[in-house]
Each structure stands twice: as C-alpha cells, then as structure tokens.
2 protein chains.
Amino acid sequence: MLFLGNIQPDLQREVRRQCDRARLVGLDSMNLWIETTRDSLLAAIRDVDLLFLNDSEVRELMEEPNLVRAARAVMELGPRAVVAKQGEYGAALFAGDRFFSLPAYPLETVRDPTGAGDTFAGGFMGYLASRGEGAAGDEEELRRAMTYGSVLASFNVEEFGTDRVQRLEREEIDRRYEEFRAITSISTAPASEKQQQ
Amino acid sequence: MLFLGNIQPDLQREVRRQCDRARLVGLDSMNLWIETTRDSLLAAIRDVDLLFLNDSEVRELMEEPNLVRAARAVMELGPRAVVAKQGEYGAALFAGDRFFSLPAYPLETVRDPTGAGDTFAGGFMGYLASRGEGAAGDEEELRRAMTYGSVLASFNVEEFGTDRVQRLEREEIDRRYEEFRAITSISTAPASEKQQQ
C-alpha cells in the first residue's frame, strides 16, 4: 500500500512509478500544486485509487463550485473514491454514487491542528492495510477507515506535535470510535410520523 | 410552542412575554443583533429553551472561539439546547453534555439558500410539536428533530423561494429522512481490530 503525501506532483508520480505493485494507492495534495503544476497533479491523480483533499481544493481542482459534482469529476479521472477533508467540520467520502459524511470530534481544546490531515490519512490507510484485499472496494470498510482516520486526527490536535499520538493506547482509540458512532446515530422515524399508506 | 424568528431582540422579548404559556420556545438571531444589541439579545436568550444560531455566531455571542465551550456557555444562560447551524456542513446539537452532528444533504444543485435556516427551524419545531410534552427533553427526539429540519432545508434550497417546499409530498420527506440515516451510518469496529483483552 502506498500513500503519496503532499509534495510536488512530479515526485509523487516518480514514487508511484517505483511502487507499481502497490495494491492500493492514496494521494494527498494542496492548492499550491493545483495553482502551479495542475497538469502534473491531474496526471498523478489519474493513477491513484484514493484522493485526499480539502473540500475547497476538490472544487478548485475541478473548477466546479459544487462539491458533489467536483468529486464525481475526480472519479471520472480514475480514483475510485474521494475524501474531502473539511477541517473542524469533519470529512466527506464519495465512492461511486455513494456518499458518507462524518463530523469532527467535538473537542473543547484544540492545541495544534498541524498534521491533522496526514494523521487522518494515516489512520485511514492503516485501517485498510490491516484488512483484506477487497477492503478498499467495500463501502462499509471505507466508512470505518474514515472513522479511524477521524479518531486519530482528533487525538493528534489535542497536543503539540506528536505528543498525544505517541502515548495513545489502543483502548482509547476503540472508545473514541464508539463515541463517533454515538454522536452520529439517528433513530428511525416514529411510525406515527410516516405517511399513512 | 413558540419560535422567535430572527428580528430585533426587544421585539422577541415582547412576543415571548405575550406567550408566557408556551411549552417550548425557540429563538433564532444573527450577528447584527450580537453586535448592536447584545445585552437585549442575551436577556432574550435567557428566557428560551432552544437557541438556533450559525456556529460562528454562537462563538461570537459568547466571545469564545471554541464551539463546544461557547455552546456550554449559552446553556449556562438558560437554554437547554443549542443548535449550531453550519450551512453547507450541516448542523450540530448541544444538549447538556451531549453532542450530535448531522451533515447537510449532498445536493448537486443548490439554487437558492435563502430561508434554509428558517426552514430548518420550522422542520425542527414542527416535528417536536407533533410529539408529546416531553419530546424536547428527549435526546433521541431532538436528534430526529435535527434530521427533519435538515431534510426540509435540503428541499428548500433546491429551488427559488418556496416552490419546492410547497409541492413537497410526505413520502419524499420520509425517503430523505432514511437517506440521512444511511449517509451517516457507521458499523461497529470489526472484532479483530479491537484491543485483545
């Protein structure tokens, strides 16, 4: 598995070429490369499975102000899924015609957002790496990967640098995963509310 | 039940005074009143059950950059719950020490966002009005109210003015409610991932 961190896209393409047997390839980028080396970035994106990008950058990349349409345009280039990072608002996943959205964990103290996006991608790719071959093609697994990424990122921003993540215990990760499930859970509509057939 | 729409806070207080037997009172406001009539707005907020406000305005109102702390400070004034509206990112609910977050519905075409916040509040209050006395104190019911508010708002922005909402069918509402449940659903972590006890 290969994660191409946010660097000059020609370098990403060269690393991609060297790792031609990777079973899953993710790529992160930023507005700088969209604005200075767009063609090379588009070529790099054509050759990966997953694109991680801030939501405003997904729109900028595809020159399409609507995020749903912009994500679809990215998938027409090649990637099977697009993760639109939304900072304090969480992240959205587009995979084929399916959509999933996850809020950020509600923290009272955010000390240092540096590295949140990379920690998210690390948790996301790391979870898929721990699973079988077909995990990246399974929507349920992609949602879990989104959740693990968000869990890890939420710990990362609690302290400066890597302090919090370095002393993180597995049990803390499991607990926060369950908290994410709880804060996003919606009950079915009560029967009395639904249309009387 | 009483919903105090976004107007000058002294007028909201006067309407509130006239409706002293309302069993549930919601209030919406905006940055203009925070900046020009803050004391009167705070007095109005002290006397309502639910505050609806854009998330940046919750922070501005309480002069607290962290949304979790700002929402808690609002609840210390009186309201039992705070709905922080987040535009294209959805909405967050704070009720006591509980948190719930809901994305906006992923629309390919947003024609007119005018009235989205009021439609949200209408769906939210309308759902609670259709339920029993204790609904506003029941977290599950508040989450459903958030979801109905988001469903209604998502239809409202699809066309100009009230065109879309006026011809809305109950069955469309029910279907989109279920879609909201689907796009936010996270499976439990696989057993193999959890800490080995």
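User: Which residues of chain A are linked in a network of salt bridges?

Analyst: This is a predicted model, in which local features need pLDDT of at least 70, side-chain atom pairs count only at pLDDT 80 or more, and totals for chains, interfaces and linings use all residues; side-chain values use heavy atoms, with hydrogens and water left out. Residues are numbered from 1 along each chain as its sequence is written, while chains are lettered from A and ligands numbered from 1 in the order in which they are written. A salt bridge is a side-chain nitrogen of Lys or Arg within 4 Å of a carboxyl oxygen of Asp or Glu. The network is made up of A:E158, A:R164, A:E172 and A:R176.

User: How far apart are the closest N and O atoms of A:R164 and A:E172?

Analyst: A:R164 is buried, with a relative accessible area of 8%; buried means under 20%, exposed over 50%, and partly exposed in between (1.4 Å probe, protein chains only). A:R164 forms a salt bridge with A:E172, and their closest N and O atoms are separated by 2.9 Å.

User: What confidence does the model carry, and what is its ipTM?

Analyst: The mean pLDDT of chain A is 95, and 98% of its residues reach 70 or more; pLDDT is the predictor's confidence in each residue, from 0 to 100. The model has a pTM of 0.94 and an ipTM of 0.92.

User: By what turn can chain B be laid on chain A?

Analyst: The copies are superposed by least squares on the C-alpha atoms of residues with pLDDT of at least 70 in both. The RMSD is 0.0 Å, with a shift of 0.0 Å along the axis and a turn of 180°. That is the relation of a two-fold axis.

User: What area is buried between chain B and chain A?

Analyst: The contact (heavy atoms within 4.5 Å) takes 46 residues from chain B and 46 residues from chain A. Because 100% of the interface residues of chain B are also interface residues in chain A, the copies meet through the same surface. Buried area is the accessible area (1.4 Å probe) that two parts lose on being put together, summed over both. Carbon and sulfur atoms give 46% of the area between chain B and chain A, which is about 4,300 Å².

User: Which three residues supply 17% of the area that chain B buries against chain A?

Analyst: These three supply more of that area than any other three residues. One of them, B:E108, also forms a salt bridge with A:R72, the closest N and O atoms being 3.0 Å apart. The count between chain B and chain A is four salt bridges. The three residues are B:Y89, B:E108 and B:I186.

User: Which element gives the largest share of the side of chain B that touches chain A?

Analyst: There are 28 residue pairs in polar contact between chain B and chain A, both at pLDDT 80 or more. A polar contact is a pair of N or O atoms within 3.5 Å; within protein, one must be able to donate a hydrogen and the other to accept it, and residues adjacent in sequence count only if both atoms are side-chain atoms. On chain B, α4, α5, β6 (98-102), α7 (139-156) and α9 (170-183) each supply at least two residues of the touching side, where helices (H or I, at least four residues) and strands (E, at least two) are DSSP runs, numbered from the N terminus. The largest share, nine residues, comes from α9(B).

User: Which residues of chain A does B:V68 touch?

Analyst: B:V68 lies in helix α5 of chain B and is buried, with a relative accessible area of 14%. Not counting residues up to four places away in sequence, B:V68 touches B:F94 and, from chain A, A:P106, A:L107 and A:E108.

User: Is B:D49 buried or exposed?

Analyst: B:D49 lies in the loop between α3 and β3 of chain B. Its side chain reaches the backbone nitrogen of B:V25 at 2.7 Å. With a relative accessible area of 18%, B:D49 is buried.

User: Where in chain B do the salt-bridge partners B:D28 and B:K85 lie?

Analyst: The side chains of B:D28 and B:K85 meet at 3.2 Å, N to O. The pair links distant parts of the chain, 57 residues apart: B:D28 is in strand β2 and B:K85 in strand β4 (residues 81-85).
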